[in-house]
Amino acid sequence: MWTAIAQHISAKTGTAFVIRDRQAVGGGCINQAYQISDGHQAYFLKLNQASQVAMFEAEALGLRDMCDSQTIRVPKPVCWGTVDGSAYIAMEWLDLGRGGDAWGRMGEQLAAMHRVTSDRGFGWVQPNTIGATPQPNPWTASWLEFYREHRLRHQFRLAGRRGGHFPRQHELLMALPDLLAGHDPAPSLVHGDLWSGNAAVTTVGEPVILDPATYYGDREVDIAMTELFGRFPEAFYQAYNAAYPLDTGYATRKVLYNLYHVINHFNLFGGSYESQANRMIDQLLR
Ligand code: ADP
């Protein structure tokens, strides 16, 4: 397997690559991760079951779109595929360090990425995943429809199959036109899963975002998620708002947008995420 992966990397980069060193990397939620190196050049490699290759393909295409935006550093994807029953993705290795004073620049650069828009509307070139959950992205002209159908209703449907009980879900879906009234977001290129575990800084002080669930959506979904599991440092918000101020009503939409991730967490992990989601729904319907 390792030889085949190294050959694929060699073919893609046009430079011979042989794995001389392989170190497991911790910290991921879903995949096994490694640093592979020939002593000169290193790559970051993720492995999963062969059935998960579409997830890696979508990750590679998302990283490519974000790289192409030339706004914020993301690992450059190299190749993906299946070999010996495993799916893999190889990407640029980045030496990650400590936050330092890079948070302001991260805010500024994320704002620049959010200025990249799609003329096809909201959605993306293909479905991807949020955590391990499938995330549909059919191109949709209306953000209200996209968020209602392909984000919230989709997660509610999966949660229903898992035995989740969200008594006011239909009431919430019906209230969406009111909750989003007067808000007309552009279809921005978003990271889609921007919690603190997916934001880092290289040892030379460059902000980096990792492990995306890329699509074109309301940029506020990214800012909302930075606030879901403990906020990013204040410098991030100050710089983001200076570069691309948030619209009024963000405080309410933040709850609406984070509800997607909380129901997804129920779908991935079960437990108390169900009651957390129900409290958020009550808050939105108050
Ligand atoms: P998973 O898909 O399993 O959640 P991640 O993509 O989040 O895995 O990666 C796991 C960890 O590996 C990250 O938290 C980060 O510390 C590190 N990492 C991710 N991408 C790179 C990279 N390109 N170079 C170096 N380290 C990385």
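1. Which residues does Pro212 touch, not counting residues up to four places away in sequence? Pro212 touches Glu59, Leu63, Met66 and His191 when those neighbours are left out, where contact means heavy atoms within 4.5 Å. This is a predicted model, in which local features need pLDDT of at least 70 and side-chain atom pairs count only at pLDDT 80 or more, while totals for chains, interfaces and linings use all residues. Residues are numbered from 1 along each chain as its sequence is written, and side-chain values use heavy atoms, with hydrogens and water left out.

2. Pro212 is found in the loop between strand S10 and strand S11, where helices (H or I, at least four residues) and strands (E, at least two) are DSSP runs numbered from the N terminus. With a relative accessibility of 9%, Pro212 counts as buried; here buried means under 20% relative accessible area, exposed means over 50%, and partly exposed lies in between, using a 1.4 Å probe and protein chains only. Although Pro212 and Gly62 are 150 residues apart along the chain, their C-alpha atoms are separated by 6.8 Å.

3. The loop between S10 and S11 also holds Asp211, which has a positive phi of about 50 degrees although it is not a glycine. Asp211 is partly exposed, and its relative accessible area is 30%. Thr214, found in the loop between S10 (207–209) and S11 (215–217), is buried with a relative accessible area of 1%. Leaving aside neighbours within four places in sequence, Thr214 is in contact with Gly62, Met66, Trp124, Asn128, Asn137, Leu189, Val190 and His191.

4. Asn198 lies in another loop, the one between strand S8 (188–190) and strand S9 (199–201). Asn198 counts as buried at 5% relative accessibility, and, when residues up to four places away in sequence are not counted, Asn198 touches His191, Asp193, Val208, Ile209, Leu210 and Asp211.

5. Gln70 is placed in the loop between helix H2 (53–68) and S4, and is exposed, with a relative accessible area of 73%. Gln70 has a positive phi of about 50 degrees, although it is not a glycine.

6. Within strand S4 itself (residues 77–83) one finds Thr82, which is partly exposed with a relative accessible area of 45%. Thr82 touches Ala50, Val53, Ala87 and Tyr88, again not counting residues up to four places away in sequence. Thr82 and Ile5 are 77 residues apart in sequence, and from C-alpha to C-alpha they are 8.9 Å apart in space.

7. Two packed helices are described by the angle between their axes and the distance between the axes. Helix H3 (residues 103–114) and helix H7 (residues 234–243) pack at an angle of about 35 degrees, with their axes 7 Å apart; the axes are lines fitted to C-alpha atoms, for helices over the stretch in contact, and angles run from 0 to 180 degrees between N-to-C directions. The crossing of H3 and H7 is right-handed, a word used if the near helix is turned clockwise from the far one by less than a right angle, and left-handed if anticlockwise.

8. Which residues make this contact between H3 and H7? On the H3 side they are Trp103, Gly104, Met106, Gly107, Glu108, Leu110, Ala111 and His114, and on the H7 side they are Ala235, Phe236, Ala239, Tyr240 and Ala243. These residues divide into 9 nonpolar, 3 polar and 1 charged, where Ala, Val, Leu, Ile, Met, Phe, Trp, Tyr, Cys and Pro count as nonpolar, Asp, Glu, Lys and Arg as charged, and the others, Gly among them, as polar. In H7, Phe236, Tyr237, Ala239 and Tyr240 are buried, and the buried residues of H7 pack against H3 and helix H6 (220–226).

9. Helix H4 (residues 143–161) has 19 residues that should span 27 Å at 1.5 Å a residue, and its end C-alpha atoms are 26 Å apart, which agrees; the expected span is 1.5 Å times one less than the number of residues. H4 bends by about 35 degrees at Arg153, the bend at a residue being the angle between axes fitted to the seven residues ending there and the seven starting there. Among the buried residues of H4 are Trp143, Phe146 and His150.

10. Helix H8 (residues 250–269) has 20 residues and reaches 28 Å from its first C-alpha to its last, close to the 28 Å expected. H8 has a kink of about 25 degrees centred on Leu259, and H8 is mostly covered, with 15 of its 20 residues buried. Just after H8, Gly270 takes a positive phi of about 70 degrees.
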